[in-house]
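Please look at the sequence and the model below, and then read the briefing that follows.

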Amino acid sequence: MQFISTVFLDGLVYASYLFIVSLGLTITFGVMKILNVAHGSFYAWGAYLASISIIYLGDNEYNSFLYYFAIFLSAIIVGIFFGFIIEKFILRKMYGEDIHLIVLATFGIFWILEDLILIVFGVDPLMPYYPAMELGGIEVVGVYQGVYSLTLAALAAIVAFICWYFLNKTKWGKLLQSVIFDREVSVSMGINVKNVYLVTFIIGGMLGALGGAYVAPTISVSPGFAIDVVVMSFAVVVIGGMGSVPGALIGSLIVGMLRAFAVHQAPVLELFIIYAVMAIVLIIKPQGLFAPPKPRKI
Amino acid sequence: MYYGFGAYAVAMCQKYFGMTDIFLRFFIAVAAAGLLGFALGFILRRYREIFFAMLSLAFSMVLYGLLAKAEFLGSTDGMSISPSTILGYELGRFGLLYFICFFVICAIVFAQAYLRSSLGHLTTAISDNEIRVEYLGYSVEKAIHIKYVISACLAGGAGGLMAASLGQVDPDSMVLWSVSGELVFVTIMSGLGNILAPFMGAVLFEFIRTYAFELAPQAWQMIIGGTLLAIIFFSPGGLWSFFQKLNFLRKKNND
Amino acid sequence: MTEKFILKTTELQKSFSGIIAAEDINISVKEGEIIGIIGANGAGKTVFVNMITGYLKPSSGKIEFMGRDITGIKPREATHIGVCRSFQVSQVFMTMTVKENLMIAMSLAKKSGLELLLPLDDEKLSKECDKILDLYKIKNQSNLIVSTLSQGMRKLLDISMAVVGNPNVLLLDEPTSGVSVEEKFGIMDIVISALKKSGTTVLFVEHDMEIVERYVDRVIAFYQGQVICDAPPSKALKDKKVIKYVLGS
Ligand SMILES: Nc1ncnc2c1ncn2[C@@H]1O[C@H](COP(=O)(O)OP(=O)(O)O)[C@@H](O)[C@H]1O
Ligand SMILES: [Mg+2]
């Protein structure tokens, strides 16, 4: 019982931030058909920027509001800054090229941004734990759990709701869905696809950065920690179906729970289990669990 | 993945059958990788683009997990490999080098023949228009499967030779996805279309990596990433097309 | 017993999640016939062609080819038995030259198994290709990359790639759409005369009634997934329903 609730809670927390990150990835893919490897850089930069802001604010209980402000602001800044630069100056020049080439370009960007972190923030790990400390912990179903981690689950739920509302209830959301479904038709309908791409890429990046920024207080932020998350969120997006929002939700839950289970039961097998499941899902459902429909070809 | 699989095949044959002959090693590596490629090909041939890549990645991670966990294969430490022999005689460093060159030339000849064949052209045709290929009466999946097995064989052979020349196999440096990433990088850098191009690309890659690492240990990834971007932008056809352009310009100047 | 037909459909039906795109289609085609398929946009002409050539599986009904049930076969199997097609939107290899396109089509039609590992550049096949290119009047463009060609040229290439295997039945989906008025008759002259020579049975989708009148033995008119008329052109083009639903007023 104890074991089950530990795995469940850990899995839930893990799934929550994985969902936020993967949502960014899947939206970018759905709209732009680009698998953005540099998504991990948004995550890392979000985490680093949030960390130094929190550390700068210092351990001070009057600051609690400011901590959260710093976290969200970091995510927004990273999303806009890098999102703008990457989309406008690199990706925009590549649309229509072979998609593998574009994936590789984002790989190149990822490498560059990784080393840029080393140069800007140094190699020492940062530990901005104050916000998490402040909220303390409580006992949930017999397990001691940090309250801050639980707010992560709440944040994920809010993000999921906003996203659902936006896509299904607003004019902009419907516009976006038409671009996702068929780019050519949208162009001929007079939608400015360029702008849609830019905004999408920035929002996707913000979500990635938000995942990193919000999770920073619970971990030790050190160089190279983003690669794991990229790899995991790829698994999430593929399991759920590339470009599908509900897919990202279910995918995160599956991967989150599996990982929590593996971490407590067989640490070495962590990646193995997740990828084995991904392989099984793809074999059974080649497009992932919730693949968006495709327009017809001939 | 097939690279690592070939390498491990060599290691296992040495462990269980005491096999160290260089020809046998190469053969086993090629055959083992080819068989694995043949088996997985039945699944993978249904997939395209990103899904193909992700499923391959998943398979290779599963293999990695298995190898890292398998005690009898040395877990994460891997296994060491004794020097190669030929007809019972031990090959020295140079002897091995000659044989490697020999195998590389065989591979080049074979790959060249494949690329010139109807099937070889068919793969370009498939990436251009699958529907048409089906309507011409050939199974797209079959063509992809054949090509997949061929690449698996080549990669397996390379892994086997690498194992023989390093004297060591382990999951981290042979099976992990970053190894495959490096190989893809070399391919992009060299460009497609000529067999010699990847060779130059590989040499240049090692060169850049070594120097970048010496000059700027903190920023070598950045240099590699930057190089990658620069190639994609300025010479999407890779180094090969760059050379072709140079040649073209020179001819023009001479005229 | 009944007359021998090369192609026969019985109560063919196709629906896409509720939308009926083909309903109760009964058509019999004799060997060597040249048939024009007409109908407004969305009438179900392409769906019909797609079903015959195996791109779409009928929801119900039967397709027979020379007495053999071929319902739901794969496109490549259709090609093997000699039911070939061209496309409304040319499906050719855009990044290759005209000659390469045809050489690939040719080698797939003439070789099999390990023969395919022989070099593509085969002298005998190359000669045969040149013959076809000559026949379809695109020989001068042999070495051009397809993406630089005009729509009309692409259509010709598309059709020539469909005929390399000497099909028994050839279905052409709008061979002249997207082609300039000057080119139209030229293309049809080339195609139909080449096909008549080889005795191929042809079904082609066409919007231009002048072309229909000039080349076909029989007209089949579609409206909302149904066949509303199946008669010789002189009669069909005067049919009330055809005038109302196909030709417009
Ligand atoms: N793959 C498909 N999925 C859904 N609907 C389709 C599909 N193919 C055709 N349709 C529908 O079937 C009808 C007939 O289309 P089509 O045969 O292409 O018309 P046309 O006579 O202009 O060639 C149209 O309403 C079209 O929307
Ligand atoms: Mg049509």
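Between chain C and chain B about 2,300 Å² is buried, and carbon and sulfur atoms give 63% of that area; buried area here is the accessible area (1.4 Å probe) that two parts lose on being put together, summed over both. On the side of chain C, Arg76(C), Phe93(C) and Leu108(C) lose the most area to chain B, together 26% of what that side buries. This is a predicted model, in which local features need pLDDT of at least 70 and side-chain atom pairs count only at pLDDT 80 or more, while totals for chains, interfaces and linings use all residues. Residues are numbered from 1 along each chain as its sequence is written, chains are lettered from A and ligands numbered from 1 in the order in which they are written, and side-chain values use heavy atoms, with hydrogens and water left out.

**Interface of chain C and chain B**

- The contact (heavy atoms within 4.5 Å) takes 28 residues from chain C and 21 residues from chain B.
- Two salt bridges are found across the interface, a salt bridge being a side-chain nitrogen of Lys or Arg within 4 Å of a carboxyl oxygen of Asp or Glu.
- Arg76(C) forms a salt bridge with Glu134(B), and their closest N and O atoms are 3.0 Å apart.

**Magnesium site**

- Thr46(C), through OG1, and Gln88(C), through OE1, coordinate the magnesium ion (ligand 2) at 1.9 to 2.3 Å; donors are N, O and S atoms within 2.8 Å of the metal (3.2 Å for Na, K and Ca), and water is not among the atoms, so sites may look incomplete.
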